[in-house]
Amino acid sequence: MALSRDRTDSTLAYLEGSRSGIRYGADELRGTDPADGRTLLARYDLEAARGRLTKEAVAGRRGGLWRWEELLPVRTRAFLTTLGEGATPLLPPSRLARKLAISGLYIKAESANPTGSFKARGMAVAVSRAVELGATHLVAPSAGNAAGALAAYAAAAGARATVVMPADAPFANQVEVMVCGARLILLDGLISDCGKLARLVCEEKGAFDMATLREPYRVEGKKTLGFELAEDFGWNLPDAVVYPTGGGTGLIGMWKAFDELEALGLIGAARPRMYAVQSDGCAPIVRAYQQGADFAEPWTDATTRGRHSRALRPGRPSDPRLSSALRRGRDRGS
Amino acid sequence: MQAYAAREGAGFLGLESSAALAALPLMRERDLIDAGERVALFDTGAGFKSEPPSMAPPAVVPNDPSAWPEIVSGL
């Protein structure tokens, strides 16, 4: 990657409504699909990317998740905001694997990201792109790691940030927001209430909403989880992915990544079985799967908090693509 | 579960990740995962950022060399 060039090799082509299928230009700041309020997905010129994004090319690059720049949305190199995110290790916990009788168990250590979680991936890309498109004030609700990630990347990009958190959010996450210079609003309510207040901030202050699935590009950052998984496993995807899930964007991103890699001829048609794991007290994705719903609805009476998590309920294999979230897994009877 | 994972050499997993780890035995029981499969478990966050688990704090040792042999012998 020649860092001196002004333009990246992004092949971003357009945005597409995840349900409506309507296409929109990708070079203006957009939130959700005007047609139905659903998420917009970034689409790329995969033919153009095919010749450039090869296994050999990626292997020879440095720069964490930005090694995949052909399939990321930032067009101008000056707007690539990085704190060293991505390229996290895939660890073989051999003793644990023996105890669990799963000989091929690996842990993808996302805690190695600069803000201590996979949320750094989504925010690195989304903040970079939002600022590139002119946003100056970014807002998000968060009950945890997204808060610090937004604050850290907004600071790095020179943008203002406001985070709305439930008052009982972990103190470490609150501190991270304040240390990074973002405005922190603690709300006596649930994360869904925080989302409402965050949207009011956007309306009143002209800020840009960075909430999960309310803008197109956090998924693009999380997509690099899937790229790295393919590379880590020698371009032969694992049999199963077990993923602790909040809103599901990590799973959506990975699924999108696999489709794009297949289109580039870098992997075959086989896909891992994707398992979303959520606690009984707050399990919107598992409930959506069990009900056969296309979209997960907010969980209104969350009872699970921190170390008081109750018994777990692993979701069955699912297809987390947004437009048919969870449905294909059920249809294939797995 | 965080402590179990850490003591088995998996590092200080995030709270939600240790919850996912706790699901693995159940998934094996239900034949959702086979013993020989390649499985990627995501540790999506850092254990040190969540509320610490409930643990008794260690006792403070007196700065008295005459008391140390007894402490060392108890290790």
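Tutor: Start at A:L15, whose bridge partner in β3(A) is A:A42. Helices and strands here are DSSP runs (H or I, at least four residues, for helices; E, at least two, for strands), numbered from the N terminus. Keep in mind that this is a predicted model: local features need pLDDT of at least 70, side-chain atom pairs count only at pLDDT 80 or more, and totals for chains, interfaces and linings use all residues. Residues are numbered from 1 along each chain as its sequence is written, while chains are lettered from A and ligands numbered from 1 in the order in which they are written.

Student: How many bridges join β1(A) to β3(A)?

Tutor: Five, with strand β1 (residues 12-17) and β3 running antiparallel. Strands count as paired if DSSP finds at least two bridges between them.

Student: And what order do the strands of that open sheet take?

Tutor: The order is β2-β1-β3 in chain A, three strands with antiparallel pairing. The edges are β2 (23-24) and β3, each pairing on one side only. β1(A) and β2(A) share two bridges, and A:E16 sits opposite A:R23 in β2(A).

Student: Is β3(A) mostly covered or mostly open?

Tutor: Mostly covered: four of the five residues in β3 (residues 40-44) are buried. Buried means 20 or more other C-beta atoms within 10 Å of the residue's own, exposed means 12 or fewer, and partly exposed is in between, with C-beta atoms placed from the backbone.

Student: What's the buried share for chain A as a whole?

Tutor: It's 54% of the 334 residues. The chain has 11 helices and 12 strands. Of its contacts with a separation of 6 or more, 66% are between residues 24 or more positions apart. A contact is two residues with C-beta atoms, placed from the backbone, within 7 Å.

Student: OK, helices. Why call α8(A) largely enclosed?

Tutor: Because 13 of its 15 residues are buried, α8(A) is largely enclosed by the rest of the structure. The helix covers residues 218-232 and reaches 22 Å from first C-alpha to last, close to the 21 Å expected. That expectation is 1.5 Å times one less than the number of residues. Just after α8(A), A:G234 takes a positive phi of about 65°.

Student: And why does A:D259 count as partly exposed?

Tutor: A:D259 has 16 C-beta neighbours inside 10 Å, so it counts as partly exposed. Its place is in helix α9 (residues 249-263) of chain A.

Student: Switching to the interface: how many residues does each chain put in?

Tutor: Chain A gives 42 and chain B gives 36. On the chain A side, the elements that each supply at least two residues include α3 (94-100), β5 (104-109) and β10 (240-244). β5(A) has the largest share, six residues.

Student: Which strand of chain B does β10(A) pair with?

Tutor: Strand β1 (residues 38-43) of chain B, in the parallel sense, over three bridges. A:V241 stands opposite B:A40 there.

Student: Last one: what scores does the model get?

Tutor: ipTM is 0.91 and pTM is 0.88. Chain B averages a pLDDT of 93, with 100% of the residues scoring at least 70; pLDDT is the predictor's confidence in each residue, from 0 to 100.
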